[in-house]
Amino acid sequence: MERLDKIIANTSTFSRKEVHRMIKSGTVRVNGITVKDRGFYIDTESDTVSINGEDLVLEKYIYIMLNKPEGVVSAARDDKEKTVIDLVPPEFKKKNLFPAGRLDRNTTGFVLITDNGDFAHKILSPKNHIDKTYEARLEHSISSSELEMIENGITLGDGTKCLPAKLCVLEDGETPLIQVIIHEGKYHQIKRMFAAAGNAVTQLKRTKMGGLELDKTLLPGKCRILTKEEVLLISSE
Ligand code: URA
């Protein structure tokens, strides 16, 4: 059981003062009934809380899947540019949301947004071997020996050695589409891996994190909250 004012402040972007004002003004409902007592106790497992008719998510942590469009930066905040957090709708907004791992400005696809730092660390640390799956469109055709260089762990232009990557040719030809699976996240890693093999990536999309695929029904720029089962899928495989 938790106090109504505390749980709203902890699971939203509102300050404790704002929460008190909202409760007093009658915009907060518990199980559909207006509650004006800020010290009211609720059961976060079974009760629902809404503000102006929008249900609050009462879990301790939140995990959001975003289909990142091009032109948006993977940062919690930026003075000039639109960030992935700006794309999160107000009803999902909580304090301390951040993207777990960065995609380049022109990379699209699956970004996990959360407020759980431990979980982010767990899925990003290379030693935990959580696969990140991408689809890379290349500028030129690619030979099997160039693919092998990347599969065996290619050395980047600055001498950094990459771990072996898993590759699968999804579309062959002049501008092939390659599925790339890596579990580390060096700066511009995939673009630099193909550059080291004498090619260039013209489009890049992240399609999967761990065992969880990007929801194909999510349009670019849209996001949704993950279920507990989906969150578990990210950290498994
Ligand atoms: N590798 C890249 O080069 N860019 C990304 O955004 C992600 C992986």
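Predicted model: local features only at pLDDT ≥ 70, side-chain atom pairs only at ≥ 80, totals over all residues.

**Reading the ligand site**

Guide: A pair of N or O atoms counts as a polar contact within 3.5 Å. An N or O atom in the side chain of Thr107 is 2.9 Å from an oxygen atom of the ligand, and a polar backbone atom of Lys191 is 3.1 Å from an oxygen atom of the ligand. As for cover, the ligand on its own has 240 Å² of accessible area, of which the protein covers 95%.

Visitor: Which residues are around the ligand, and how many are nonpolar, polar or charged?

Guide: Around the ligand are Leu103, Asp104, Thr107, Tyr134, His188, Gln189, Ile190, Lys191 and Leu204. Sorted by class, this shell has 4 nonpolar, 3 polar and 2 charged residues. Helix H5 (residues 189-196) supplies 3 residues, the largest share of the shell.

Visitor: Why does the ligand lie between domain 2 and domain 3?

Guide: Look at which domains give residues to the shell: domain 2 (63-125 + 211-234) and domain 3 (131-209) both do, so the ligand lies between them. The space that the ligand takes is the largest pocket.

Key: Residues numbered from 1 in each chain as written. Heavy atoms only, no water. Near = heavy atom within 4 Å. Polar contact = N/O pair within 3.5 Å; in protein donor to acceptor, adjacent residues only side chain to side chain. Areas by Shrake-Rupley, 256 points an atom, 1.4 Å probe, with all protein chains shown as cover. 1 Å grid on protein atoms, 1.4 Å probe; cavity = no way out; pocket = protein on both sides within 12 Å on 5 of 7 lines; lining within 4 Å. Sits in = over half its atoms within 2 Å of the grid points. Helix = DSSP H or I, 4+ residues; strand = E, 2+ residues; numbered from the N terminus. Nonpolar A, V, L, I, M, F, W, Y, C, P; charged D, E, K, R; others polar. Domains from an automatic or database assignment.
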